[in-house]
Amino acid sequence: MNNGFIYSLLLTGPNAGQSLTIEQIAQWQPTDGLLWLHLRYREPKARQWLLNSGLDRVEMDTLLATDTRPRVLSSEKGILLALRGVNLNPGSDPEDMVAVRIYAEEYKIISTCERQLQSVIDVADAITQGKGPIDSAAFIMAICERLTQRKVEFIGKLEEQLDELEERVVTQVNKTLRTDIAELRRQTVVLRRYLAPQREAFYRMLQEASELFDHNDKVRLREIHETLIRVIEDLDAIRDRASVTQEELQSQQSEQVNQRLYFLSLISAVFLPLGFLTGLLGVNIGGIPGAESNWAFAAFCGGLFALIGLQMYLFYRLKWL
């Protein structure tokens with residue numbers, strides 16, 4: 001829809017599932033059914049409509065905020081939510097979470113975002129097919145469920161990725177492993193930054209005495225809250241496993257460096273006396289033994305090989321090899 005309105009749908013009434021025009025939105029009455037308006041808040045016309053919608057200052061500021069942390073706030077008329085969802089848009093990083101802001105009253109729901117959110121699209125598709133929520137509480141539950149389910153699916157992908165990285169650490173060490181593990185840890189940190197406040201927001205919603213939620217809604221929300229808690233616990237476990245995996249990789253790399261240094265040390269130990277002898281006999285002064293003998297060079301080389309053999313025998317007996 002133009003003018004910054006992404007969706008303008010009726011959830012109930014004789015025209016449930018119908019998309020309204022700007023003129024129909026202006027003429028809408030609560031008796032027409034529950035209205036959901038989803039706007040792109042950066043669009044000038046959408047911002048102007050919100051400024052003229054008669055909402056309180058707090059609701060207005062939250063719906064138009066550029067960056068919000070997950071939170072819940074109740075008012076006399078309804079409830080205000082700021083939530084985050086996994087970014088599934090093409091070419092985007094999933095951990096670059098998309099914010100959605102929702103203000104819900106008994107007969108009207110207003111939500112805003114800037115980027116598309118698959119959970120919102122799912123709810124809109126269900127409404128147009130006549131299978132969507134039929135009241136404000138059910139709408140909020142549907143959004144929260146889909147947001148949480150997307151997180152569960154993404155955490156599952158992170159676990160599969162970590163399993164693969166752990167296997168690669170054991171079977172093969174390459175230059176990209178360290179970068180891949182660091183990227184995975186970065187994703188968990190960014191995700192947890194928003195999931196923890198969202199967990200608190202769900203808990204706050206459970207404690208709110210809003211008239212929108214009945215007992216069944218609270219039970220449903222409690223299940224969503226518990227699922228999100230498990231998601232955060234799984235995320236913490238992934239972060240800890242990634243740390244252990246990174247430490248194991250660093251240990252393997254340190255062991256490889258130590259082995260190379262040890263080998264170089266043995267080479268140096270072998271050639272140190274050889275270098276001393278060749279340097280001593282290579283000085284250009286009189287009195288060097290064998291300087292006038294034709295067999296002296298062969299004898300000297302034979303002595304050097306014997307010395308190498310003696311060193312190898314000593315290294316073997318000392319278990320340095």
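The strands involved are β4 (residues 79-85) and β5 (residues 98-104), which pair in the antiparallel sense over seven bridges. Two strands count as paired if DSSP finds at least two bridges between them. Helices (H or I, at least four residues) and strands (E, at least two) are DSSP runs, numbered from the N terminus.

A word on the source: this is a predicted model, in which local features need pLDDT of at least 70 and side-chain atom pairs count only at pLDDT 80 or more, while totals for chains, interfaces and linings use all residues. Residues are numbered from 1 along each chain as its sequence is written, and side-chain values use heavy atoms, with hydrogens and water left out.

## The sheet and its helices

Six strands form an open sheet in the order β1-β2-β6-β5-β4-β3, with mixed pairing. At the edges are β1 (5-10) and β3 (71-74), each of which pairs on one side only. From one strand to the next, the twist averages 15°.

Follow β2 and you meet both kinds of pairing. With β1, strand β2 pairs in the antiparallel sense over five bridges, and S8 stands opposite L37 in β2. With β6, strand β2 pairs in the parallel sense over six bridges; there the bridge partner of L37 is I110. How enclosed is β2 by the rest of the structure? Five of the six residues of β2 are buried, so the strand is largely enclosed. Here buried means under 20% relative accessible area, exposed means over 50%, and partly exposed is in between (1.4 Å probe, protein chains only).

Helix α4 (residues 118-128) lies across β1, β2 (35-40) and β5, running at about 35° to β1. Helix α5 (residues 136-171) lies across β2, β4, β5 and β6 (108-113), and runs at about 20° to β4. For these angles, axes are lines fitted to C-alpha atoms, for helices over the stretch in contact, and the angles run from 0 to 180 degrees between N-to-C directions. Contact means heavy atoms within 4.5 Å.

## Salt bridges

Side chains of opposite charge can pair when their charged atoms come close. The whole structure holds 13 salt bridges, a salt bridge being a side-chain nitrogen of Lys or Arg within 4 Å of a carboxyl oxygen of Asp or Glu. Here are some of them, with their N to O distances.

| Pair | N to O distance |
|---|---|
| D61 and R57 | 3.4 Å |
| R115 and D96 | 2.9 Å |
| D122 and R150 | 2.4 Å |

D61 and R57 are four residues apart in helix α3 (residues 57-64), which means that about one helical turn separates them. D61 is partly exposed, with a relative accessible area of 38%, whereas R57 is exposed at 64%.

The salt bridge between R115 and D96 links distant parts of the chain: R115 is in the loop between β6 and α4, and D96 is in the loop between β4 and β5, 19 residues apart. R115 is partly exposed at 31% relative accessible area, and D96 is partly exposed at 39%.

The salt bridge between D122 and R150 also connects distant parts of the chain, with D122 in helix α4 and R150 in helix α5, 28 residues apart. Is R150 buried or exposed? R150 is buried, with a relative accessible area of 15%. Leaving aside neighbours within four places in sequence, R150 is in contact with V86, L88, Q118, S119 and D122.

Elsewhere, salt bridges that share partners join D163, E166 and R241 into one network.

## Out at the surface

Which residues make the nonpolar surface patch of about 580 Å²? The patch is made by V257, L261, F263, L264, I267 and F271. Patch residues have over 30% relative accessible area and no salt bridge; like charges are joined within 9 Å, and nonpolar side chains (Val, Leu, Ile, Met, Phe, Trp, Tyr) within 5 Å. The accessible areas come from the Shrake-Rupley method with a 1.4 Å probe, and for residues only the protein chains shown count as cover. L264 sits in helix α7 (residues 215-281) and is partly exposed, with a relative accessible area of 49%.

Finally, Q27 is found in helix α1 (residues 22-27) and counts as exposed, at 61% relative accessibility. Q27 and E200 are 173 residues apart in sequence and 38 Å apart in space, C-alpha to C-alpha.
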